[in-house]
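Hello,

Here is the structure you asked about. Please load it first, then read my notes below.

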Amino acid sequence: MSGIEANFDGLVGMTHHYAGLSMGNEASINHRGQKSNPRKAALQGLTKMKALSDMGLVQGVLPPQQRPDLSALRQLGFTGNDAQVLNKAAKYSPLLLSNLSSASSMWTANAATVSPSADSADQRVHFTVANLNNKLHRSLESVTTSRALKAVFSDPNYFVHHAPLPQHADWGDEGAANHNRFCGEYDEAGVQLFVYGRSAFRAGPVPERYPARQTLEASEAIARLHQLDERQTVFAQQNPIAIDSGVFHNDVIAVSNRNVFFYHEQAFLNQQSVLAEIEGKLANLGQNLIPVEVPASKVSMQDAVSSYLFNSQLLSLSDGSMALILPEECRQNTNVSSYLQSLVATGESPISQLHFFDLRESMRNGGGPACLRLRVAMQEKELAAVNPAVIMTPDLYLSLTDWVERHYRDSLYTADLADPQLLTEVCSALDELTQILRLGSIYEFQR
């Protein structure tokens, strides 16, 4: 295979807790108020990263955010030393403190949208950091996310970093969770699929129960910023029925890899037209689309959402075969498990391997394997320009596991967020992490 698709997973932060902050994410809502285990969550994520690295895949690590966000609390008028600010915020609104303590940056599929150099007119890899303005707790992430990405992909000869789109609902952007790319080899020109939930300026159907977080206009703006050819871009609306069923991002109902598209029968509005456009534009590049449509008669929308079947990673292994990296919940769901076994049993599917991982701590907050990763397709020379300290190796795995074991708590409730000792623990740990990953001073307390 030519080119590389690297996966950069987010380390779970030390304030990982279940607050049910994400309206439209049913797993998040259903586990509100329960005890979390930040240490276990981080170790589960690292186990997946190490396993993918051991499979011969390029696996990177991205850091968590500084939480609680004291800068935001002070901006809101809470004064005093750090302990006093936390105490005042907790008394004013535990929900506000929870929002400003969220560990949601672990789901780096929402960190940015990435276009490889093969598709961009200037032949550089483009990153646009997501504004995530639909949720307060996520809208705070873009500054540190931008610093982290610039520390990892720093060479301007190969990488271009764009600021988030304006912080307004009309430009709502949720990053790579609503983005897929189709290609032959990773370093060849491909077709990029941008999925949106609604249009801000044009009439059309919208979900009734849950918000549509991504707008068509935001997706179009990113395509312009990334200098993409309209002959190689497709804009598709997510099925409002899917959003109202708990499919808050497209990566909960569809995933692609190279020229294979794994998706649910009810994923898109006007689905056959969407598939025809992808197929036609991919054919112009000399590639054939291989659709793998999962019928609702075998896997219902409810099964898809509860198991996170489509929030799996679809990856090409070194021998050219494709594997699904799945949450353990897919094996436990009878309908999903039965479908998956039949998928690989025939030998006719491009997907030939299934790998299951226990990511329960992340899953209970609404994020599966694909939520945890940001895909970056690169050429060899571009990969060589990436900060090598963030690429998973046996030594880095041992270092990060030791770091987690020393710094993370094994139990956390929302009320614990007001503990000033937790803030001290977070800052001490993050300061050490930036040295391990050679990121420089990306956090406010370091500047």
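This is a predicted model: local features need pLDDT of at least 70, side-chain atom pairs count only at pLDDT 80 or more; totals for chains, interfaces and linings use all residues.

Residues are numbered from 1 along each chain as its sequence is written, and side-chain values use heavy atoms, with hydrogens and water left out.

**Active site**

The unreviewed UniProt entry puts the feature "active site" at Glu174, His249 and Cys371. UniProt positions follow the numbering used here, feature names are shortened, and annotations may be inferred rather than shown by experiment. The three positions are spread over 198 residues of sequence. In space they cluster, with a largest C-alpha distance of 11.4 Å.

Glu174 sits in the loop between strand 5 (159-162) and strand 6. Helices (H or I, at least four residues) and strands (E, at least two) are DSSP runs, numbered from the N terminus. Glu174 is buried, at 2% relative accessible area. Buried means under 20% relative accessible area, exposed over 50%, and partly exposed in between, using a 1.4 Å probe and protein chains only.

His249 is in the loop between helix 9 (240-244) and strand 9. His249 is buried too, at 1% relative accessibility.

Contacts are heavy atoms within 4.5 Å. With the corresponding exclusion, the contacts of His249 include Asn110, Glu174 and Arg213.

**Salt bridges**

A salt bridge here is a side-chain nitrogen of Lys or Arg within 4 Å of a carboxyl oxygen of Asp or Glu. The count is 19.

- Asp119 pairs with Arg181, with the closest N and O atoms 2.6 Å apart. Asp119 is in the loop between strand 3 (112-115) and strand 4 (125-129), and Arg181 is in strand 6 (residues 179-182), 62 residues apart. Asp119 is buried at 6% relative accessibility, and Arg181 is buried at 11%.
- Glu444 pairs with Arg147 at 2.8 Å, N to O. Glu444 lies in the segment after helix 17 (420-436) and Arg147 in helix 7 (residues 142-152), so the pair ties together parts 297 residues apart in sequence. Glu444 is partly exposed, at 38% relative accessibility.
- Arg258 pairs with Glu185, with the closest N and O atoms 3.3 Å apart. Arg258 is in the loop between strand 9 (254-257) and strand 10 (260-264), and Glu185 is in the loop between strand 6 and strand 7 (191-196), 73 residues apart. Arg258 is buried, at 14% relative accessibility.
- Arg202, Glu217 and Glu220 form a network of salt bridges.

**Sheet**

Two strands pair if DSSP finds at least two bridges between them.

Strand 4 and strand 5 run parallel and are joined by 4 bridges. His126 has Val160, in strand 5, as its bridge partner.

Best regards

Methods: Lists of a residue's contacts leave out its neighbours within four places in sequence.
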